[in-house]
Amino acid sequence: MEPYYKLKKVGGNSYVVLIYNYKSQRIELSPSIKCLNKDFGDGKSSHPIKKSDLDYLQKNEVLRLYKEDVKKEIFSLKFNKLEPDVSSVRNAIKRIKGDTIRRSKLNYFKDNYLVLFGLESYLKELTELNSQSRYPRFLKYRVGVLSDFFESIYGNSVDLRDLDEDVFRKLQLYLIDVKKYANATIEKFIKQLKQFFNWVKRKGYNLNLETDYKVSLNTKYNTPLFIDSDIVKNLFLFKEFDFDTSLTTPDGKPIYLKHYSGFKNTSYLIKEELRRTLKESLNDKSSKKIGGKRLGDESTETYRYYTLYEVIKDMFLFSVSTGLRWSDVVRIKVDDFDFQTNKFKLFQKKTSGQVKIVENSLSKLIFQKYSKGKSYLQFLFPLNCLNNEKSRDNYNTKVNKHLKEIAGIVELNNMVEVVRMSGKVVVTDKVPLSSVLSFHVARKSHATIVSQMGVDPFSVSSQMGHTTLNMTKRYVGQDEKGLKEVFDFINPKVEKNVDEVVVPISQDDSLESKLDRLKTMRDKGVLPEMVYLEHVNKLLKEYGL
(Lines give C-alpha, C1' and ligand atoms only; values in the text may rest on other atoms or scores of the structure.)
Protein backbone atom coordinates (compact mmCIF):
# COMPACT_ATOMS: atom_id res chain seq x y z
CA MET A 1 0.00 0.00 0.00
CA GLU A 2 1.24 3.50 -0.82
CA PRO A 3 2.50 5.44 2.26
CA TYR A 4 0.07 8.20 3.26
CA TYR A 5 -0.07 11.11 5.70
CA LYS A 6 -2.39 11.60 8.66
CA LEU A 7 -2.58 14.07 11.50
CA LYS A 8 -1.58 12.91 15.00
CA LYS A 9 -1.96 14.77 18.28
CA VAL A 10 1.22 14.83 20.39
CA GLY A 11 0.94 16.78 23.62
CA GLY A 12 -0.76 20.05 22.79
CA ASN A 13 0.26 20.04 19.13
CA SER A 14 -0.82 18.22 15.96
CA TYR A 15 1.91 16.71 13.79
CA VAL A 16 1.76 15.25 10.31
CA VAL A 17 2.98 11.62 10.31
CA LEU A 18 3.58 9.27 7.42
CA ILE A 19 1.90 5.87 7.73
CA TYR A 20 3.56 2.82 6.19
CA ASN A 21 1.80 -0.56 6.28
CA TYR A 22 3.46 -3.83 5.34
CA LYS A 23 1.50 -7.02 5.71
CA SER A 24 0.24 -6.88 9.33
CA GLN A 25 2.87 -4.36 10.46
CA ARG A 26 2.58 -0.59 10.65
CA ILE A 27 4.89 2.31 11.48
CA GLU A 28 4.46 6.05 11.85
CA LEU A 29 7.28 8.20 10.50
CA SER A 30 7.51 11.88 11.42
CA PRO A 31 8.96 14.65 9.23
CA SER A 32 8.32 17.02 12.21
CA ILE A 33 5.74 19.22 10.48
CA LYS A 34 3.08 20.86 12.66
CA CYS A 35 -0.38 21.54 11.30
CA LEU A 36 -3.77 22.60 12.63
CA ASN A 37 -6.71 20.26 12.13
CA LYS A 38 -8.54 22.80 9.99
CA ASP A 39 -5.52 23.12 7.66
CA PHE A 40 -5.05 19.40 6.99
CA GLY A 41 -6.71 17.93 3.91
CA ASP A 42 -6.35 14.60 2.10
CA GLY A 43 -3.32 12.71 3.39
CA LYS A 44 -3.12 10.63 0.20
CA SER A 45 -2.65 13.64 -2.07
CA SER A 46 0.68 15.24 -2.95
CA HIS A 47 -0.41 18.46 -1.16
CA PRO A 48 -2.00 17.39 2.15
CA ILE A 49 -1.80 20.82 3.80
CA LYS A 50 -4.41 23.34 2.66
CA LYS A 51 -3.76 26.89 1.46
CA SER A 52 -5.25 28.23 4.69
CA ASP A 53 -1.87 27.44 6.33
CA LEU A 54 0.43 30.43 5.69
CA ASP A 55 3.43 28.12 5.17
CA TYR A 56 1.55 25.52 3.11
CA LEU A 57 3.93 25.70 0.10
CA GLN A 58 7.09 24.97 2.10
CA LYS A 59 5.40 22.38 4.32
CA ASN A 60 3.90 20.51 1.36
CA GLU A 61 7.27 20.47 -0.39
CA VAL A 62 8.96 19.02 2.71
CA LEU A 63 6.22 16.40 3.02
CA ARG A 64 6.49 15.50 -0.67
CA LEU A 65 10.25 15.06 -0.42
CA TYR A 66 9.97 13.07 2.80
CA LYS A 67 7.51 10.66 1.20
CA GLU A 68 9.77 10.40 -1.86
CA ASP A 69 12.69 9.48 0.43
CA VAL A 70 10.64 6.76 2.11
CA LYS A 71 9.49 5.38 -1.24
CA LYS A 72 13.09 5.47 -2.48
CA GLU A 73 14.22 3.37 0.50
CA ILE A 74 11.38 0.90 -0.07
CA PHE A 75 12.39 0.65 -3.72
CA SER A 76 16.06 0.11 -2.79
CA LEU A 77 15.15 -2.73 -0.43
CA LYS A 78 13.05 -4.45 -3.12
CA PHE A 79 15.74 -3.85 -5.75
CA ASN A 80 18.28 -5.60 -3.52
CA LYS A 81 15.81 -8.46 -3.00
CA LEU A 82 15.20 -7.58 0.66
CA GLU A 83 11.87 -7.50 2.45
CA PRO A 84 10.61 -3.90 2.80
CA ASP A 85 9.27 -4.64 6.29
CA VAL A 86 8.62 -1.84 8.73
CA SER A 87 11.82 -2.48 10.70
CA SER A 88 14.04 -2.25 7.60
CA VAL A 89 12.28 0.90 6.40
CA ARG A 90 12.57 2.54 9.84
CA ASN A 91 16.32 1.83 9.99
CA ALA A 92 16.77 3.18 6.46
CA ILE A 93 14.91 6.38 7.28
CA LYS A 94 17.16 7.02 10.27
CA ARG A 95 19.97 7.58 7.82
CA ILE A 96 18.09 10.42 6.15
CA LYS A 97 19.23 13.88 7.18
CA GLY A 98 17.14 15.88 9.67
CA ASP A 99 14.46 18.44 9.19
CA THR A 100 16.69 21.54 9.47
CA ILE A 101 18.98 20.42 6.63
CA ARG A 102 15.97 19.22 4.66
CA ARG A 103 14.30 22.60 4.84
CA SER A 104 17.47 24.60 4.15
CA LYS A 105 18.74 22.44 1.31
CA LEU A 106 15.63 21.42 -0.57
CA ASN A 107 17.42 21.53 -3.92
CA TYR A 108 19.90 18.91 -2.77
CA PHE A 109 17.16 16.50 -1.82
CA LYS A 110 15.13 17.21 -4.97
CA ASP A 111 17.64 15.59 -7.31
CA ASN A 112 19.14 12.98 -5.00
CA TYR A 113 17.31 10.01 -6.55
CA LEU A 114 18.34 6.95 -8.54
CA VAL A 115 17.34 6.89 -12.21
CA LEU A 116 15.69 3.49 -11.78
CA PHE A 117 13.59 4.87 -8.94
CA GLY A 118 12.72 7.89 -11.08
CA LEU A 119 11.59 5.63 -13.94
CA GLU A 120 9.39 3.61 -11.60
CA SER A 121 7.76 6.77 -10.21
CA TYR A 122 7.32 8.18 -13.72
CA LEU A 123 5.66 4.97 -14.90
CA LYS A 124 3.32 4.87 -11.92
CA GLU A 125 2.23 8.48 -12.34
CA LEU A 126 1.51 8.19 -16.08
CA THR A 127 -0.24 4.85 -15.67
CA GLU A 128 -2.64 6.38 -13.15
CA LEU A 129 -3.30 9.32 -15.49
CA ASN A 130 -4.02 7.04 -18.46
CA SER A 131 -5.64 4.10 -16.67
CA GLN A 132 -8.56 3.94 -19.12
CA SER A 133 -6.48 3.66 -22.30
CA ARG A 134 -4.15 1.18 -23.99
CA TYR A 135 -1.22 3.58 -23.54
CA PRO A 136 -0.01 2.14 -20.17
CA ARG A 137 0.75 -1.22 -21.81
CA PHE A 138 3.08 0.37 -24.36
CA LEU A 139 4.45 2.70 -21.69
CA LYS A 140 5.31 -0.18 -19.36
CA TYR A 141 7.20 -1.94 -22.13
CA ARG A 142 9.15 1.17 -23.18
CA VAL A 143 10.05 2.15 -19.61
CA GLY A 144 11.18 -1.44 -19.04
CA VAL A 145 13.58 -1.15 -22.00
CA LEU A 146 14.85 2.20 -20.68
CA SER A 147 15.47 0.62 -17.28
CA ASP A 148 17.45 -2.20 -18.91
CA PHE A 149 19.47 0.40 -20.83
CA PHE A 150 20.43 2.45 -17.75
CA GLU A 151 21.28 -0.66 -15.75
CA SER A 152 23.34 -2.11 -18.61
CA ILE A 153 25.20 1.06 -19.67
CA TYR A 154 25.39 3.09 -16.44
CA GLY A 155 24.89 0.56 -13.67
CA ASN A 156 22.11 0.51 -11.09
CA SER A 157 23.50 3.38 -8.97
CA VAL A 158 23.29 6.21 -11.51
CA ASP A 159 21.62 9.33 -10.09
CA LEU A 160 19.11 11.62 -11.77
CA ARG A 161 21.65 14.43 -11.30
CA ASP A 162 24.06 12.58 -13.61
CA LEU A 163 21.75 12.64 -16.64
CA ASP A 164 22.76 14.75 -19.63
CA GLU A 165 22.12 14.95 -23.37
CA ASP A 166 24.75 12.28 -24.05
CA VAL A 167 22.23 9.73 -22.75
CA PHE A 168 20.26 10.10 -26.02
CA ARG A 169 23.26 9.17 -28.16
CA LYS A 170 24.08 6.16 -25.99
CA LEU A 171 20.44 5.02 -25.99
CA GLN A 172 20.29 5.25 -29.79
CA LEU A 173 23.42 3.09 -30.14
CA TYR A 174 22.09 0.62 -27.54
CA LEU A 175 18.79 0.19 -29.40
CA ILE A 176 20.65 -0.39 -32.69
CA ASP A 177 23.55 -2.59 -31.56
CA VAL A 178 21.96 -4.52 -28.68
CA LYS A 179 18.20 -4.49 -29.29
CA LYS A 180 18.46 -4.25 -33.09
CA TYR A 181 15.19 -2.31 -33.28
CA ALA A 182 13.95 -0.70 -36.48
CA ASN A 183 14.61 3.03 -36.85
CA ALA A 184 10.93 3.93 -36.54
CA THR A 185 10.79 2.07 -33.20
CA ILE A 186 14.01 3.71 -32.01
CA GLU A 187 12.47 7.12 -32.68
CA LYS A 188 9.59 6.24 -30.34
CA PHE A 189 12.00 5.31 -27.54
CA ILE A 190 13.91 8.57 -27.98
CA LYS A 191 10.61 10.47 -27.66
CA GLN A 192 9.80 8.46 -24.51
CA LEU A 193 13.18 9.40 -23.00
CA LYS A 194 12.50 13.07 -23.82
CA GLN A 195 9.17 12.84 -21.98
CA PHE A 196 10.94 11.28 -18.99
CA PHE A 197 13.56 14.06 -18.99
CA ASN A 198 10.80 16.68 -19.05
CA TRP A 199 9.14 14.91 -16.11
CA VAL A 200 12.46 14.95 -14.21
CA LYS A 201 12.78 18.70 -14.80
CA ARG A 202 9.19 19.38 -13.73
CA LYS A 203 9.77 17.49 -10.48
CA GLY A 204 12.91 19.52 -9.83
CA TYR A 205 15.23 16.49 -9.71
CA ASN A 206 17.54 17.88 -12.40
CA LEU A 207 16.90 21.37 -13.77
CA ASN A 208 19.75 21.32 -16.32
CA LEU A 209 18.53 18.55 -18.62
CA GLU A 210 18.42 19.29 -22.36
CA THR A 211 15.75 17.63 -24.49
CA ASP A 212 16.31 19.02 -27.99
CA TYR A 213 18.15 15.91 -29.26
CA LYS A 214 17.39 15.07 -32.91
CA VAL A 215 17.26 11.46 -34.09
CA SER A 216 19.87 11.04 -36.82
CA LEU A 217 18.19 8.05 -38.44
CA ASN A 218 16.21 7.50 -41.62
CA THR A 219 12.67 6.69 -40.48
CA LYS A 220 10.88 7.20 -43.81
CA TYR A 221 12.22 4.20 -45.71
CA ASN A 222 9.02 2.18 -45.91
CA THR A 223 6.29 2.66 -48.51
CA PRO A 224 2.72 2.44 -47.13
CA LEU A 225 1.24 -1.07 -47.16
CA PHE A 226 -2.29 -1.04 -48.58
CA ILE A 227 -4.87 -3.18 -50.34
CA ASP A 228 -6.35 -2.10 -53.68
CA SER A 229 -9.97 -1.74 -54.74
CA ASP A 230 -10.08 -5.26 -56.23
CA ILE A 231 -9.13 -6.83 -52.91
CA VAL A 232 -11.68 -4.63 -51.11
CA LYS A 233 -14.38 -5.84 -53.47
CA ASN A 234 -13.40 -9.50 -53.08
CA LEU A 235 -13.38 -9.20 -49.30
CA PHE A 236 -16.83 -7.60 -49.31
CA LEU A 237 -18.28 -10.28 -51.60
CA PHE A 238 -16.80 -13.12 -49.51
CA LYS A 239 -19.80 -14.33 -47.48
CA GLU A 240 -18.56 -17.62 -46.08
CA PHE A 241 -18.06 -16.10 -42.61
CA ASP A 242 -21.61 -14.74 -42.34
CA PHE A 243 -23.82 -16.32 -39.69
CA ASP A 244 -26.91 -15.74 -41.86
CA THR A 245 -25.36 -17.19 -45.03
CA SER A 246 -27.32 -19.73 -47.02
CA LEU A 247 -24.10 -21.36 -48.18
CA THR A 248 -23.50 -24.87 -46.84
CA THR A 249 -20.85 -27.59 -46.92
CA PRO A 250 -21.53 -30.85 -48.82
CA ASP A 251 -22.92 -32.40 -45.60
CA GLY A 252 -25.50 -29.60 -45.28
CA LYS A 253 -23.87 -27.67 -42.42
CA PRO A 254 -23.44 -23.85 -42.51
CA ILE A 255 -20.27 -23.12 -44.46
CA TYR A 256 -18.84 -20.80 -41.81
CA LEU A 257 -18.26 -23.81 -39.51
CA LYS A 258 -15.35 -25.04 -41.64
CA HIS A 259 -13.39 -21.88 -40.80
CA TYR A 260 -13.67 -22.34 -37.01
CA SER A 261 -12.54 -25.93 -36.54
CA GLY A 262 -9.76 -24.85 -34.16
CA PHE A 263 -12.03 -22.82 -31.85
CA LYS A 264 -13.24 -24.09 -28.48
CA ASN A 265 -16.96 -24.81 -28.37
CA THR A 266 -18.79 -21.84 -29.90
CA SER A 267 -16.29 -19.11 -28.94
CA TYR A 268 -16.42 -17.93 -32.57
CA LEU A 269 -20.06 -16.82 -32.14
CA ILE A 270 -20.94 -13.26 -31.11
CA LYS A 271 -24.33 -12.79 -29.48
CA GLU A 272 -25.65 -9.24 -29.50
CA GLU A 273 -28.60 -7.94 -27.53
CA LEU A 274 -30.91 -5.62 -29.45
CA ARG A 275 -32.03 -2.62 -27.44
CA ARG A 276 -34.80 -0.09 -28.04
CA THR A 277 -34.32 3.69 -27.81
CA LEU A 278 -36.46 5.29 -25.11
CA LYS A 279 -37.98 8.71 -25.76
CA GLU A 280 -40.20 10.95 -23.72
CA SER A 281 -43.85 10.65 -24.54
CA LEU A 282 -45.09 13.29 -26.97
CA ASN A 283 -48.59 13.16 -25.55
CA ASP A 284 -48.08 15.76 -22.83
CA LYS A 285 -47.44 19.38 -23.71
CA SER A 286 -44.20 19.73 -21.73
CA SER A 287 -42.60 16.92 -23.74
CA LYS A 288 -43.74 18.35 -27.04
CA LYS A 289 -41.84 21.53 -26.33
CA ILE A 290 -38.52 19.67 -26.27
CA GLY A 291 -39.36 17.39 -29.17
CA GLY A 292 -39.39 13.99 -27.52
CA LYS A 293 -36.00 14.00 -25.85
CA ARG A 294 -34.21 10.64 -25.81
CA LEU A 295 -33.93 9.21 -22.32
CA GLY A 296 -31.88 6.05 -22.91
CA ASP A 297 -32.68 2.54 -24.04
CA GLU A 298 -34.12 -0.75 -22.87
CA SER A 299 -33.84 -4.39 -23.86
CA THR A 300 -36.16 -5.85 -26.48
CA GLU A 301 -35.23 -9.36 -25.23
CA THR A 302 -34.20 -10.27 -28.76
CA TYR A 303 -30.73 -11.13 -29.98
CA ARG A 304 -28.72 -11.28 -33.17
CA TYR A 305 -25.76 -13.50 -33.97
CA TYR A 306 -22.58 -13.00 -35.98
CA THR A 307 -19.37 -14.93 -36.33
CA LEU A 308 -16.01 -13.57 -35.21
CA TYR A 309 -14.40 -13.36 -38.66
CA GLU A 310 -17.56 -11.81 -40.07
CA VAL A 311 -17.46 -8.86 -37.66
CA ILE A 312 -13.70 -8.33 -37.89
CA LYS A 313 -13.79 -8.40 -41.69
CA ASP A 314 -16.62 -5.85 -41.74
CA MET A 315 -14.87 -3.60 -39.21
CA PHE A 316 -11.75 -3.70 -41.38
CA LEU A 317 -13.77 -2.80 -44.48
CA PHE A 318 -15.55 -0.04 -42.56
CA SER A 319 -12.14 1.41 -41.74
CA VAL A 320 -11.15 1.15 -45.41
CA SER A 321 -14.29 3.04 -46.40
CA THR A 322 -14.02 5.76 -43.73
CA GLY A 323 -10.31 6.03 -42.92
CA LEU A 324 -11.03 5.71 -39.18
CA ARG A 325 -8.47 4.19 -36.80
CA TRP A 326 -9.21 1.07 -34.76
CA SER A 327 -9.64 3.23 -31.62
CA ASP A 328 -12.47 5.12 -33.39
CA VAL A 329 -14.12 2.22 -35.24
CA VAL A 330 -14.37 0.25 -32.01
CA ARG A 331 -16.02 3.22 -30.23
CA ILE A 332 -18.46 4.30 -32.91
CA LYS A 333 -22.09 4.12 -31.86
CA VAL A 334 -25.33 4.20 -33.81
CA ASP A 335 -25.85 7.79 -32.65
CA ASP A 336 -22.61 8.92 -34.33
CA PHE A 337 -24.34 8.88 -37.72
CA ASP A 338 -26.21 12.04 -38.73
CA PHE A 339 -29.16 10.97 -40.87
CA GLN A 340 -29.78 14.54 -42.03
CA THR A 341 -26.33 15.10 -43.53
CA ASN A 342 -25.46 11.42 -44.14
CA LYS A 343 -22.18 11.81 -42.29
CA PHE A 344 -20.49 10.05 -39.41
CA LYS A 345 -19.56 12.69 -36.84
CA LEU A 346 -17.23 11.81 -34.00
CA PHE A 347 -14.23 13.00 -32.03
CA GLN A 348 -11.10 10.98 -32.67
CA LYS A 349 -9.61 9.40 -29.58
CA LYS A 350 -5.99 9.99 -30.58
CA THR A 351 -6.26 13.68 -31.47
CA SER A 352 -9.52 14.70 -29.71
CA GLY A 353 -10.38 16.50 -32.96
CA GLN A 354 -13.75 16.12 -34.66
CA VAL A 355 -14.03 14.46 -38.05
CA LYS A 356 -17.01 14.33 -40.39
CA ILE A 357 -16.93 11.22 -42.56
CA VAL A 358 -19.02 11.37 -45.72
CA GLU A 359 -21.10 8.22 -46.18
CA ASN A 360 -20.27 6.13 -49.24
CA SER A 361 -21.66 2.93 -50.74
CA LEU A 362 -19.45 0.62 -48.68
CA SER A 363 -19.82 2.36 -45.31
CA LYS A 364 -23.58 2.64 -45.90
CA LEU A 365 -24.05 -1.09 -46.45
CA ILE A 366 -21.99 -2.00 -43.38
CA PHE A 367 -23.70 0.59 -41.17
CA GLN A 368 -27.14 -0.60 -42.23
CA LYS A 369 -26.21 -4.21 -41.48
CA TYR A 370 -25.07 -3.54 -37.91
CA SER A 371 -27.33 -0.65 -36.85
CA LYS A 372 -30.62 -2.31 -37.74
CA GLY A 373 -32.86 -2.79 -34.70
CA LYS A 374 -30.39 -1.21 -32.23
CA SER A 375 -30.64 1.77 -29.92
CA TYR A 376 -28.72 4.96 -30.43
CA LEU A 377 -26.55 4.17 -27.38
CA GLN A 378 -25.23 0.82 -28.61
CA PHE A 379 -21.81 0.30 -30.16
CA LEU A 380 -22.13 -0.29 -33.89
CA PHE A 381 -19.91 -3.40 -33.92
CA PRO A 382 -20.37 -6.22 -31.37
CA LEU A 383 -17.29 -7.99 -29.96
CA ASN A 384 -16.55 -10.95 -27.70
CA CYS A 385 -15.21 -8.86 -24.82
CA LEU A 386 -16.48 -6.66 -22.00
CA ASN A 387 -18.78 -3.97 -23.34
CA ASN A 388 -16.69 -0.97 -22.30
CA GLU A 389 -14.28 1.24 -24.22
CA LYS A 390 -11.10 0.04 -22.52
CA SER A 391 -11.78 -3.68 -23.14
CA ARG A 392 -12.86 -3.03 -26.72
CA ASP A 393 -9.78 -0.89 -27.35
CA ASN A 394 -7.47 -3.62 -26.01
CA TYR A 395 -9.08 -6.16 -28.36
CA ASN A 396 -6.91 -4.77 -31.18
CA THR A 397 -4.15 -7.32 -30.55
CA LYS A 398 -6.54 -10.22 -31.13
CA VAL A 399 -8.04 -8.46 -34.14
CA ASN A 400 -4.66 -8.20 -35.90
CA LYS A 401 -4.11 -11.92 -35.28
CA HIS A 402 -7.54 -12.80 -36.70
CA LEU A 403 -7.05 -10.49 -39.70
CA LYS A 404 -4.04 -12.56 -40.74
CA GLU A 405 -6.16 -15.71 -40.40
CA ILE A 406 -8.91 -14.13 -42.51
CA ALA A 407 -6.39 -13.05 -45.15
CA GLY A 408 -5.07 -16.61 -45.32
CA ILE A 409 -8.58 -18.01 -45.81
CA VAL A 410 -9.44 -15.58 -48.65
CA GLU A 411 -5.95 -16.22 -50.11
CA LEU A 412 -4.43 -12.75 -50.00
CA ASN A 413 -1.09 -14.29 -50.89
CA ASN A 414 0.24 -11.67 -53.30
CA MET A 415 3.82 -10.83 -52.35
CA VAL A 416 4.56 -7.44 -50.84
CA GLU A 417 7.88 -5.80 -50.05
CA VAL A 418 8.77 -5.21 -46.42
CA VAL A 419 11.78 -3.01 -45.66
CA ARG A 420 13.43 -2.99 -42.26
CA MET A 421 16.16 -0.50 -41.40
CA SER A 422 18.13 -0.52 -38.14
CA GLY A 423 20.72 2.25 -38.08
CA LYS A 424 22.11 2.11 -41.61
CA VAL A 425 21.56 -1.62 -42.11
CA VAL A 426 18.73 -2.27 -44.58
CA VAL A 427 16.96 -5.63 -44.88
CA THR A 428 14.40 -6.05 -47.67
CA ASP A 429 12.09 -9.06 -47.84
CA LYS A 430 9.16 -10.28 -49.93
CA VAL A 431 6.34 -11.77 -47.87
CA PRO A 432 2.69 -12.75 -48.48
CA LEU A 433 0.24 -9.93 -47.75
CA SER A 434 -1.65 -12.25 -45.38
CA SER A 435 1.37 -12.44 -43.05
CA VAL A 436 1.61 -8.68 -42.47
CA LEU A 437 -2.02 -7.54 -42.71
CA SER A 438 -3.08 -5.40 -39.74
CA PHE A 439 -5.97 -3.10 -38.97
CA HIS A 440 -3.87 0.01 -39.65
CA VAL A 441 -3.50 -1.15 -43.27
CA ALA A 442 -7.18 -0.25 -43.69
CA ARG A 443 -6.52 3.42 -42.93
CA LYS A 444 -3.65 3.53 -45.40
CA SER A 445 -5.80 1.74 -47.98
CA HIS A 446 -8.51 4.38 -47.58
CA ALA A 447 -6.03 7.21 -48.19
CA THR A 448 -4.55 5.44 -51.22
CA ILE A 449 -7.79 4.37 -52.89
CA VAL A 450 -9.61 7.70 -52.55
CA SER A 451 -6.49 9.54 -53.77
CA GLN A 452 -6.24 7.29 -56.81
CA MET A 453 -9.93 7.89 -57.50
CA GLY A 454 -9.16 11.60 -57.86
CA VAL A 455 -10.40 12.97 -54.51
CA ASP A 456 -8.51 16.19 -53.76
CA PRO A 457 -5.80 15.85 -51.07
CA PHE A 458 -7.35 18.49 -48.81
CA SER A 459 -10.59 16.48 -48.55
CA VAL A 460 -8.62 13.30 -47.86
CA SER A 461 -6.57 15.01 -45.16
CA SER A 462 -9.65 16.56 -43.54
CA GLN A 463 -11.59 13.30 -43.42
CA MET A 464 -8.63 11.43 -41.89
CA GLY A 465 -8.22 14.07 -39.21
CA HIS A 466 -4.69 15.10 -40.27
CA THR A 467 -3.49 18.62 -39.58
CA THR A 468 -1.08 18.72 -42.55
CA LEU A 469 -0.92 17.30 -46.06
CA ASN A 470 2.55 15.94 -45.27
CA MET A 471 1.01 13.57 -42.73
CA THR A 472 -1.58 12.38 -45.27
CA LYS A 473 1.17 11.88 -47.83
CA ARG A 474 2.73 9.23 -45.60
CA TYR A 475 -0.46 7.16 -45.84
CA VAL A 476 -0.84 7.19 -49.62
CA GLY A 477 0.69 4.29 -51.55
CA GLN A 478 2.04 4.45 -55.10
CA ASP A 479 -0.48 4.20 -57.94
CA GLU A 480 1.48 1.68 -59.99
CA LYS A 481 -1.33 0.97 -62.44
CA GLY A 482 -1.88 4.66 -63.12
CA LEU A 483 1.85 5.24 -63.57
CA LYS A 484 2.07 2.29 -65.92
CA GLU A 485 -0.80 3.42 -68.16
CA VAL A 486 -0.28 7.18 -68.11
CA PHE A 487 1.55 7.17 -71.49
CA ASP A 488 -0.58 4.54 -73.24
CA PHE A 489 -1.84 7.32 -75.53
CA ILE A 490 1.48 7.09 -77.37
CA ASN A 491 0.43 3.70 -78.77
CA PRO A 492 -3.34 3.19 -78.84
CA LYS A 493 -2.86 -0.38 -80.06
CA VAL A 494 -0.93 -1.37 -76.92
CA GLU A 495 -2.14 -4.81 -75.96
CA LYS A 496 -4.23 -5.23 -72.84
CA ASN A 497 -5.71 -8.27 -71.17
CA VAL A 498 -9.33 -8.93 -71.98
CA ASP A 499 -10.41 -8.15 -68.41
CA GLU A 500 -8.72 -4.72 -68.53
CA VAL A 501 -10.73 -3.53 -71.53
CA VAL A 502 -13.93 -1.65 -70.68
CA VAL A 503 -16.67 -1.88 -73.30
CA PRO A 504 -18.84 1.30 -73.40
CA ILE A 505 -22.40 0.86 -72.16
CA SER A 506 -25.25 1.56 -74.56
CA GLN A 507 -29.02 1.80 -74.19
CA ASP A 508 -29.35 -0.98 -76.80
CA ASP A 509 -28.44 -4.17 -74.95
CA SER A 510 -29.04 -6.63 -77.80
CA LEU A 511 -26.39 -9.13 -78.93
CA GLU A 512 -26.14 -7.44 -82.32
CA SER A 513 -25.49 -4.04 -80.76
CA LYS A 514 -22.78 -5.42 -78.48
CA LEU A 515 -21.06 -7.19 -81.37
CA ASP A 516 -21.19 -4.00 -83.44
CA ARG A 517 -19.56 -2.01 -80.61
CA LEU A 518 -16.79 -4.60 -80.29
CA LYS A 519 -16.17 -4.52 -84.03
CA THR A 520 -16.02 -0.70 -84.02
CA MET A 521 -13.49 -0.74 -81.18
CA ARG A 522 -11.38 -3.30 -83.05
CA ASP A 523 -11.48 -1.29 -86.27
CA LYS A 524 -10.38 1.86 -84.39
CA GLY A 525 -7.39 0.00 -82.93
CA VAL A 526 -8.66 0.12 -79.35
CA LEU A 527 -9.07 -3.66 -79.18
CA PRO A 528 -6.30 -5.98 -80.39
CA GLU A 529 -7.59 -8.83 -82.54
CA MET A 530 -7.02 -11.45 -79.87
CA VAL A 531 -8.87 -9.48 -77.20
CA TYR A 532 -11.70 -8.77 -79.70
CA LEU A 533 -12.16 -12.51 -80.37
CA GLU A 534 -12.17 -13.32 -76.64
CA HIS A 535 -14.95 -10.78 -76.02
CA VAL A 536 -16.95 -12.13 -78.95
CA ASN A 537 -16.66 -15.70 -77.62
CA LYS A 538 -17.78 -14.54 -74.16
CA LEU A 539 -20.85 -12.84 -75.59
CA LEU A 540 -21.79 -15.85 -77.67
CA LYS A 541 -21.59 -18.11 -74.61
CA GLU A 542 -23.74 -15.69 -72.60
CA TYR A 543 -26.46 -15.94 -75.24
CA GLY A 544 -26.15 -19.73 -75.51
CA LEU A 545 -24.63 -19.70 -79.00
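**View 1. Glu272 and Arg304 are both buried (under 20% relative accessible area; exposed is over 50%, partly exposed in between; 1.4 Å probe, protein chains only).** The two form a salt bridge, with the closest N and O atoms 4.0 Å apart. A salt bridge here is a side-chain nitrogen of Lys or Arg within 4 Å of a carboxyl oxygen of Asp or Glu. Glu272 sits in strand S4 (residues 269–279) and Arg304 in strand S5 (residues 294–307), so the pair ties together parts 32 residues apart in sequence. Strands are DSSP runs (E, at least two residues), as are helices (H or I, at least four), numbered from the N terminus. The model is predicted: local features need pLDDT of at least 70, side-chain atom pairs count only at pLDDT 80 or more, and totals for chains, interfaces and linings use all residues. Residues are numbered from 1 along each chain as its sequence is written, and side-chain values use heavy atoms, without hydrogens and water.

**View 2. Lys23 and Glu83 meet in a salt bridge (3.5 Å, N to O).** Lys23 lies in the loop between strands S2 (13–22) and S3 (25–34), Glu83 in the loop between helices H1 (56–79) and H2 (86–94), so the pair links parts 60 residues apart in sequence. Lys23 is exposed, at 70% relative accessible area. Glu83 is partly exposed, at 43%.

**View 3. Lys345 pairs with Asp338 in a salt bridge (3.2 Å, N to O).** Lys345 is partly exposed, with a relative accessible area of 26%.

**View 4. Glu2, Glu68, Lys71 and Lys124 form one network of salt bridges that share partners.** The structure holds 28 salt bridges.
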